[in-house]
Amino acid sequence: MDIHDIRAQFPILSETIHGKHPLVYLDNAATSQTPKRVVEAIEHAYFTQKANVHRGVHCLSQKATAAMEKGRSAVREFIGAPSEAEVIFTRGTTEALNLVAASYGELLSPGDLVVITQMEHHSNIVPWQLLRDRRGIRIKVVPVLDDGTLDMDVYRRLLEESPRLVSVTQISNVLGTVNPIREMAAMAHDAGAVFVCDGAQGVAHGPVDVLDLDVDFYAFSAHKMYGPTGIGALYGKRELLEKMPPYQGGGEMIGHVSFDHGTTWADLPYKFEAGTPDFVGAAAIVEAIGFMQSTGIEAMKAHEEDLLNYATERMKEAIPDIHIYGTAPHKASLISFLIPGVHHYDTGVLLDQLGIAVRTGHHCTQPLMERFGIEGTVRASFAAYNTRREIDAFISALIRVNSMLR
Ligand SMILES: *Cc1c(COP(=O)(O)O)cnc(C)c1O
């Protein structure tokens with residue numbers, strides 16, 4: 001992996017912040033930066049083949065349709081899904097999870113149990129709460145232990161209550177914990193439950209194979225994996241998708257519409273893609289996947305692991321009483337922390353003054369913040385293009401913040 005070659009593909013990494021500091025972008029868990037080839041694919045789609053998809057007889061429409069379906073087939077291959085019919089384009093992870101909650105939720109009955117965890121992003125909590133309000137399902141929550149791993153004993157006990165559905169994030173966007181998804185999905189299946197995986201972080205930090213994980217649904221966003229914003233996907237097993245009612249109604253998703261004889265649905269995956277899709281984004285995903293595959297997904301993972309270990313060590317050296325949230329043995333490349341007695345927001349603002357982009361706050365995980373008795377953390381999250389030199393700049397800035405605010 002040639003880091004100079006990789007960085008050269010991201011013009012934004014040469015930006016200067018506040019007119020003097022080179023940008024050190026450590027907010028990758030919120031959104032990653034985008035390589036030229038993705039933006040060029042967007043430009044190419046707008047300049048040479050913009051036409052609405054699936055309906056047109058004319059040449060441009062056929063080109064646009066082919067480009068979008070090429071995106072679908074790239075996604076299918078990328079996550080190891082057996083068929084394109086099982087890959088539904090959505091606006092992102094949030095819409096994908098809402099789709100499952102709204103549509104699969106129609107197959108649940110009042111009193112049915114849904115199990116989630118304490119480390120879920122709000123987008124894997126609130127759709128289930130909305131379903132509870134609408135259909136009277138129950139929600140139970142697997143707690144998080146002090147090191148940021150899930151309490152598997154409680155998980156086992158909750159499975160004895162025969163939940164209908166379990167929904168868990170592959171990687172915590174706050175603690176970095178990599179959850180044992182394959183094992184958890186197998187346990188859920190033994191208990192007769194359907195298993196949903198939030199892959200928003202997982203898909204950006206290692207190879208994903210939905211068949212190997214044996215999850216029933218897998219949701220992710222392109223913008224966290226070097227792709228365009230506004231698009232993501234839901235993988236779902238065909239036999240489940242077939243049983244589920246449409247999520248939204250409109251164009252593209254129908255077989256035939258009639259006032260008198262009833263309306264029928266299109267085949268999968270179009271049944272779940274009402275309205276004109278983000279066909280430009282779908283075409284550009286091909287290049288995001290291409291970037292990851294040509295860089296090497298395993299090589300990126302190893303590089304990020306090195307950055308994580310290096311940054312963790314250097315932080316503890318620089319500020320021995322720094323509090324790091326999330327110390328699981330299997331951890332992805334992000335660090336949530338607090339300097340004792342210093343508000344996360346103040347740390348973030350001062351770091352920004354020095355050109356370091358981190359995220360502060362609750363990271364859309366308020367129940368998890370409550371679990372740790374805090375309002376928020378500072379989070380530094382790494383991607384393939386980050387370097388040890390950038391970590392050094394981050395640590396120097398952190399030392400300055402520490403001496404200014406304490
Ligand atoms: C970012 C994120 C989401 C939400 O993704 P959107 O792209 O905002 O829809 C959900 N879950 C996790 C774990 C995330 O990190």
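Residues are numbered from 1 along each chain as its sequence is written, and side-chain values use heavy atoms, with hydrogens and water left out. Because the model is predicted, local features need pLDDT of at least 70 and side-chain atom pairs count only at pLDDT 80 or more, whereas totals for chains, interfaces and linings use all residues.

Side chains of opposite charge can pair when their charged atoms come close. With a salt bridge taken as a side-chain nitrogen of Lys or Arg within 4 Å of a carboxyl oxygen of Asp or Glu, the model holds 19 salt bridges. One of them joins arginine 359 to aspartate 27, with an N to O distance of 3.0 Å. Arginine 359 belongs to strand S16 (residues 359–361), and aspartate 27 sits in the loop between strand S3 (24–25) and helix H2 (36–48), so the pair ties together parts that are 332 residues apart in sequence. Helices (H or I, at least four residues) and strands (E, at least two) are DSSP runs, numbered from the N terminus. Relative accessible area was used to class residues as buried (under 20%), exposed (over 50%) or partly exposed (in between), with a 1.4 Å probe and protein chains only. Arginine 359 is partly exposed at 38%, while aspartate 27, at 7%, is buried. Asp27 and Arg359 also belong, with Arg379, to a network of salt bridges.

A second pair consists of aspartate 306 and arginine 388, whose side chains meet in a salt bridge of 2.8 Å, N to O. This pair links distant parts of the chain, with aspartate 306 in helix H11 (residues 297–318) and arginine 388 in helix H14 (residues 388–405), 82 residues apart. Aspartate 306 is partly exposed at 30% relative accessibility, and arginine 388 is partly exposed at 41%. Another salt bridge, between arginine 156 and aspartate 153, has its closest N and O atoms 3.1 Å apart. Both residues lie in helix H6 (residues 152–159), at a spacing of three residues, about one turn of the helix.

Rolling a probe the size of a water molecule over the atoms shows where empty space is left. On a 1 Å grid over the protein atoms alone, a cavity is a set of points where a 1.4 Å probe fits but cannot get out, a pocket is an open set with protein on both sides within 12 Å along at least five of seven lines, and lining residues have an atom within 4 Å of a point. Grid points are joined across faces, edges and corners, and a volume is the space filled by probe spheres set on the points.

The largest pocket has a volume of about 760 Å³. Its lining comprises 31 residues, with Ile171, Val178, Asn179, Lys301 and His330 nearest the centre. Helix H7 (181–190), helix H8 (210–213) and H11 are the elements that give two or more residues to this lining, and H11 supplies the largest share, six residues. By class the lining of the largest pocket has 13 nonpolar, ten polar and eight charged residues, where Ala, Val, Leu, Ile, Met, Phe, Trp, Tyr, Cys and Pro count as nonpolar, Asp, Glu, Lys and Arg as charged, and the others, Gly among them, as polar. Domain 1 (3–30 + 297–405) and domain 2 (39–293) both contribute to the lining of the largest pocket, so it lies between them; the domain bounds come from an automatic or database domain assignment.

The second largest pocket holds about 420 Å³ of space. It is lined by 25 residues, of which Thr94, His121, His223, Lys224 and Cys364 lie nearest its centre. Helix H4 (residues 93–103) gives the most to this lining, three residues. The lining of the second largest pocket consists of six nonpolar, twelve polar and seven charged residues, and at least three residues come from each of domain 1 and domain 2.

One cavity of 30 Å³ or more was counted. The largest cavity has a volume of about 50 Å³, and residues lining it include Asn28, Gln201, His205, Lys224 and Phe382. Domain 1 and domain 2 both give residues to the lining of the largest cavity, so it lies between them.

Glutamate 84 is placed in the loop between helix H3 (59–79) and strand S4 (87–90) and is partly exposed at 30%.
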